[in-house]
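Could you take a look at this one with me? I've jotted down some notes on the charged pairs and a couple of helices.

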Amino acid sequence: MFMLFIISFIIVPVLKCCGTETSTYTTQYDEVDIKEIMGNERLLVAYIGCLLDKNPCTPEGKELKRNIPDALQSDCNKCSDKQRENADAWIEFMIDNRPEDWTKLEERYNPDGSYRTKYLESKHNATSNVDESK
């Protein structure tokens, strides 16, 4: 399962390391409504600005920004199911609806473009499976 980055951009369950290799990120922010953020231009721009060091961050944004590198490097192995779900939703939204912002975030957090590639492959496979079932 591919992650955002966002994981990217999860803006969501903010990922906080608890200290050990087998630990998980905090689930304190798992109830953040990612759909509300994606649907609210003001919130969306604020979170993107936080992740790009262009404006101040909320506590959730700070936590997310601090943990994105580890989450990307470990393929989010410390993420809860909700965090993975939100990360996938965030990445899909950003790539499909905010490609310019995604490119900036990708340059900073995933310069090799591996998450975009995983998403596009996953999207292609999903489309192929739908076509085959018809």
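1. Lys78 and Asp70 make a salt bridge, with 3.6 Å between the closest N and O atoms. The term here means a side-chain nitrogen of Lys or Arg within 4 Å of a carboxyl oxygen of Asp or Glu. Lys78 is buried at 9% relative accessible area, while Asp70 comes out as partly exposed at 26%. For the labels: buried is under 20% relative accessible area, exposed is over 50%, and partly exposed is in between (1.4 Å probe, protein chains only).

2. Before going on, a word on the source: this is a predicted model, where local features need pLDDT of at least 70 and side-chain atom pairs count only at pLDDT 80 or more, whereas totals for chains, interfaces and linings use all residues. Residues are numbered from 1 along each chain as its sequence is written, and side-chain values use heavy atoms, with hydrogens and water left out.

3. How many salt bridges are there by this rule? The count is eight. One of them joins Arg98 to Glu41, with the closest N and O atoms 2.8 Å apart. Arg98 sits in the loop between α4 (81-97) and α5 (99-109) and Glu41 in helix α2 (residues 41-51), so this pair ties together parts 57 residues apart in sequence. (Helices are DSSP runs of H or I, at least four residues, numbered from the N terminus.) Arg98 is buried at 16%; Glu41 is partly exposed at 48%. Asp101 joins in too: Glu41, Arg98 and Asp101 are linked in a salt-bridge network.

4. Lys82 and Glu85 pair up within helix α4, three residues apart, or about one turn of the helix. Their closest N and O atoms are 3.9 Å apart. Both ends are partly exposed, Lys82 at 32% and Glu85 at 48%.

5. In α5, the buried residues are Asp101, Trp102, Leu105, Glu106 and Tyr109. Looking down the axis, they fall within an arc of 135°, so they line one face of the helix. That arc is taken from the directions from the helix axis to the C-beta atoms. Glu100 and Glu107 are exposed, on the face turned away from the buried side of α5.

Conventions. Helices (H or I, at least four residues) and strands (E, at least two) are DSSP runs, numbered from the N terminus.
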